[in-house]
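Keep the structure open beside you as you read.

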Amino acid sequence: MAQNLTRKILSAHLAKPSEMKAGEEIFLKVDQTLTHDINAVMTYLAFEAIGLDRTRVETSVSYLDHNLLYLDHKTPDDHIYLQSAAKKFGVYVSRPGNGICHAVQVARFGAPGKLSMGGDSHTPHGGSIGMLCIGVGGMDVATAMTGVPMRLKMPQVIRVNLTGKLKPGCNAKEVILEMLRRNTVKGGLGKVYEYVGPGASTLEVSDRVTITNMGAELGATTSIFPADEMVRKFMTAEGREEEFVELCPDEGCSYDGEIEINLSELEPLIACPHQPDNVTTVWEVEKKKVQQVLIGGCTNGSYKDIAKAALVLKGHHVQEDVSCTCTISSKQIYKQLLKDGYLEMLIDAGVRLLELACGPCCAIGQSPATDGVAVRTTNRNFKGRAGNPTAKVYLVSPETAAATAITGTFTTAEEIMGADVAILDEIKEPEHYPVDDSMIIKPLTNEEAAKVEIVRGPNIAPLPVPDAPEQYLNCKVSLKTVDNITTDDITPASAEFSSMRSNIPLMSQYCYHRYDPTFAARAKELGRSIIIGGENYGQGSSREHAAINPMYLGVKAVIAKSMARIHKGNLVNHGIIPMIFEDPSDYDRIDQMDELEIENLRDQMMTREVTVNDRTKGISFKAKLELSDSELEVILCGGQLRYLKEELKNMGVIQETIE
């Protein structure tokens with residue numbers, strides 16, 4: 001039977017036989033895992049608690065790449081802990097300065113047909129080379145590292161047929177922004193986008209990473225391109241051609257839906273504040289004075305992206321009221337750009353080069369000014385995402401960002417270069433990268449690892465473990481939120497806040513700090529509570545702290561109109577019951593501090609429908625539990641760590657469970 005690419009890879013990784021019907025749960029064997037520093041401490045604390053001595057997947061990599069601004073002892077302590085834990089558990093370490101996790105993972109570890117799970121929502125970056133890469137929470141990464149099959153709700157597979165070819169001055173950023181304009185930030189929920197067609201074959205891997213990376217902004221499970229000649233070229237340039245395997249959808253295979261995009265018709269696009277799907281053309285957007293431009297990041301930090309931005313800036317200078325910075329995605333790309341003269345062009349134009357790190361994308365440095373307008377080539381523009389809730393962040397391509405830096409307002413490359421914009425089409429990825437893996441620490445042998453002592457700084461606190469739900473729940477609504485609450489709203493990003501993430505008692509004090517600074521104290525005083533959410537609750541980053549912190553503060557359930565996939569999984573893993581209003585209009589009837597009561601909770605959970613009594617209003621409403629059998633078991637057990645240890649004990653892998 002002819003299969004699309006997604007189903008091919010999933011079927012090759014099934015741990016249990018399955019018909020793979022959309023919406024049904026499947027269990028998968030994982031080949032690779034990745035973590036990054038500001039989320040990974042929780043992952044390795046969980047893996048320690050499980051009790052295994054070594055990762056049980058082919059390749060696990062720990063990246064020290066997000067928070068490289070050492071404001072105090074916390075972040076360097078985290079890095080030392082993570083490096084020692086990696087040595088103990090057989091995990092590769094990519095040291096600070098080697099590059100951003102997604103770029104390095106694809107370049108140095110990824111291979112067509114592999115299945116990867118990463119503790120970052122932009123893990124689908126790897127779909128650019130024909131891998132199936134899924135972003136999950138840190139507890140899921142710890143679970144995958146045990147070798148236990150991972151649960152996944154079988155997604156619909158949507159064919160995105162690309163035709164034509166991008167015009168000079170347009171970028172793959174236009175493709176994903178067009179997808180967001182058409183489908184919205186929640187349009188991809190429960191879907192994989194599979195990019196095929198003659199237009200796809202014109203896109204190099206550096207173009208494809210932009211599209212698959214930002215598929216996370218659609219809410220998609222992941223996105224993927226075929227492993228074709230463009231992927232062979234990329235892997236040859238990385239000195240890894242022997243790992244290339246051609247992998248394409250079968251002729252005549254079926255899909256669950258189809259989207260057509262003619263690349264030739266795309267114009268420079270811009271995502272306006274405060275959502276990535278608020279998209280219009282650069283020609284149509286209201287002109288505003290720009291104070292800050294950021295070029296690069298994991299989404300658009302490739303050789304070709306930076307080289308094109310440099311050519312736009314060549315012979316010009318950054319406008320005097322604009323701060324323009326550039327962050328390149330890996331050391332090898334940096335070295336090639338340096339060799340070819342593009343970094344000199346940037347410096348001559350007044351661009352400042354930043355560390356090879358995620359950094360400003362998640363508010364670690366380069367925060368915009370008060371009420372400032374920032375133009376970025378990164379992937380998210382949520383309110384407060386850049387570190388300043390008053391700022392207005394716009395998302396564009398590197399070509400448009402460079403042109404904007406010159407004029408101080410939204411401008412396209414064509415407006416700056418005229419007919420010379422055609423030279424941008426001549427920029428291609430190198431035939432050979434200057435590969436140097438000296439910044440990657442390889443795993444120790446079992447004998448060497450047994451001698452390693454894990455180093456814990458004073459900021460690293462134990463991982464809190466939730467209790468199993470009781471039959472009777474009576475508590476108040478500690479918070480009522482609006483639509484599209486992000487994980488940035490729940491657990492704010494910045495160098496300061498990111499450095500706290502290894503210490504939940506400390507970090508929890510800032511839960512919902514930017515959205516409602518009174519929440520943490522109120523939730524703690526209540527002891528136990530429920531949060532009411534709107535549509536798409538928990539969109540954005542995979543950070544599981546957005547579940548751990550509320551759990552630590554006593555939140556027992558979240559009742560929302562709808563939820564983002566990764567955040568819902570994190571709630572399950574950390575013992576918070578995710579519920580969906582059966583009738584969305586009931587959301588309007590509930591207010592903050594209402595007293596809610598659920599009788600026979602555990603029994604009702606088994607039916608997937610719960611009756612909630614609002615004792616304050618004297619009304620009742622129904623909520624659904626859109627959970628699989630295994631997810632329900634996890635919740636009833638008191639979270640994934642308790643559930644996993646029980647499973648491993650039953651399998652005879654470990655001896656003890658959590659009391």
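**From a helix to the cavities**

Start at Gly51, which follows directly after H2 and adopts a positive phi of about 100 degrees. Bear in mind that this is a predicted model.

Now step back into helix H2 itself, which covers residues 37-50. How many of the 14 residues of H2 are buried? The count is 12, so H2 is largely enclosed by the rest of the structure.

Next, let's turn to the cavities. There are 7 cavities of 30 Å³ or more. The largest cavity has a volume of about 220 Å³. Its lining is made of 23 residues, and those nearest its centre are Ala216, Gly219, Gln539, Gly540 and Ala564. By class, the lining of the largest cavity consists of 10 nonpolar, 9 polar and 4 charged residues.

The second largest cavity comes to about 190 Å³. It is lined by 22 residues, with Ala103, Val209, Phe234, Ser302 and Ile333 closest to its centre. Which elements give two or more residues to this lining? They are helix H4 (101-109), helix H7 (205-213), helix H9 (303-313) and helix H10 (331-339). The lining of the second largest cavity holds 10 nonpolar, 9 polar and 3 charged residues.

Methods
Residues numbered from 1 in each chain as written. Predicted model: local features only at pLDDT ≥ 70, side-chain atom pairs only at ≥ 80, totals over all residues. Heavy atoms only, no water. 1 Å grid on protein atoms, 1.4 Å probe; cavity = no way out; pocket = protein on both sides within 12 Å on 5 of 7 lines; lining within 4 Å. Points joined across faces, edges and corners; volume = space filled by probe spheres on them. Nonpolar A, V, L, I, M, F, W, Y, C, P; charged D, E, K, R; others polar. Helix = DSSP H or I, 4+ residues; strand = E, 2+ residues; numbered from the N terminus. Expected span 1.5 Å × (residues − 1). Buried < 20%, exposed > 50% of the residue type's maximum accessible area, 1.4 Å probe, protein only.
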